[in-house]
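Please look through the sequence and the model shown here before reading on. The report below takes up a few of its parts in turn.

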Amino acid sequence: MKRIGIYLRVSTEEQARIVDGSLVSQRQRLIDFVEGQNRKDNGWGVVIDFYCDEGKSAKDMKRPEFQRLLKDVKSQRINVILATELSRLSRSISDFCELWDMFKKHETSFITIRENFDTTTAAGEMMVFNLINFAQLGRFCKKKSVIYI
């Protein structure tokens with residue numbers, strides 16, 4: 001059975017006010033996902049804890065609840081991280097590579113309900129790394145307010 005840690009994050013008050021992006025909405029969608037998976041496959045997983053960083057950017061890993069989540073991965077309290085999308089976890093390629101290595105070392109996987117990819121395959125792993133490039137680009141573009149093509 002999967003021991004799930006649900007990670008929630010918003011970086012701005014504006015994001016928190018958007019219905020789909022709010023912490024309440026993220027939490028409910030993730031709970032609904034777990035319940036749906038358990039209806040399909042009895043005993044699929046149990047939510048062990050929620051980790052919520054409000055007003056924190058994913059530009060780095062200096063987020064209190066994210067650090068608590070990583071501690072729980074290392075202690076094997078949880079073995080699956082569930083988030084609405086990859087950019088909730090990280091918007092930095094170098095940080096993501098560090099996370100990826102740690103997850104593999106501790107036999108922890110992650111699921112994002114928006115992207116819905118399978119990281120157990122080579123193609124799925126490639127998609128994760130492509131997506132993290134876009135997440136980092138999104139942070140850069142917001143900072144610079146312009147995109148040059």
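Which residues does Leu70 touch, not counting residues up to four places away in sequence? Leu70 touches Met61, Leu99, Met102 and Phe103, where contact means heavy atoms within 4.5 Å.

## About the model

This is a predicted model, in which local features need pLDDT of at least 70 and side-chain atom pairs count only at pLDDT 80 or more, while totals for chains, interfaces and linings use all residues. Residues are numbered from 1 along each chain as its sequence is written, and side-chain values use heavy atoms, with hydrogens and water left out.

Leu70 lies in helix α3; helices (H or I, at least four residues) and strands (E, at least two) are DSSP runs, numbered from the N terminus. Leu70 counts as buried because its relative accessibility is 6%, where buried means under 20% relative accessible area, exposed over 50%, and partly exposed in between, with a 1.4 Å probe and protein chains only. Although Leu70 and Gly5 are 65 residues apart along the chain, their C-alpha atoms are separated by 9.9 Å.

Val47, placed in strand β2, has a relative accessibility of 26% and therefore counts as partly exposed. Leaving aside residues up to four places away in sequence, Val47 touches Ile4, Ile6 and Val34. From Val47 to Leu82 there are 35 residues in sequence, and 9.4 Å in space, C-alpha to C-alpha.

## Helix α2

The buried residues of α2 are Leu23, Ser25, Gln26, Leu30, Val34, Gly36 and Gln37. Because they cover an arc of only 165° around the axis, they are on the same side of α2, the arc being that of the directions from the helix axis to the C-beta atoms.

What covers these buried residues includes β1, β2 (45–54), β3 (80–83) and α4 (86–89). The face of α2 turned away from its buried side carries the exposed residues Val24 and Arg39.

## Aromatic rings

The structure holds six aromatic pairs; rings of Phe, Tyr and Trp (its six-membered ring) pair if their centres lie within 6.5 Å, and planes under 30 degrees apart count as stacked, over 60 as edge-to-face and the rest as tilted. One of these pairs, Tyr7 and Phe66, is edge-to-face, with 5.2 Å centre to centre and 70° between the planes. Since Tyr7 lies in strand β1 (residues 2–10) and Phe66 in helix α3 (residues 64–74), the pair ties together parts that are 59 residues apart in sequence. Both Tyr7 and Phe66 are buried.

Phe96 and Trp100 form a tilted pair, with 5.9 Å centre to centre and 35° between the planes. Both lie in helix α5 (residues 93–105), four residues apart, which is about one turn of the helix. Phe96 counts as buried at 1% relative accessibility, and Trp100 counts as buried at 7%. Phe96, Trp100, Phe103 and Phe110 form one aromatic cluster.

## Charges over rings

The charged end of Arg27 sits over the ring of Phe50, 3.7 Å from its centre, and the charged end of Arg63 sits over the ring of Phe66, 4.2 Å from its centre. A charge sits over a ring if NZ of Lys or CZ of Arg is within 6 Å of the ring centre and within 35 degrees of the ring normal.
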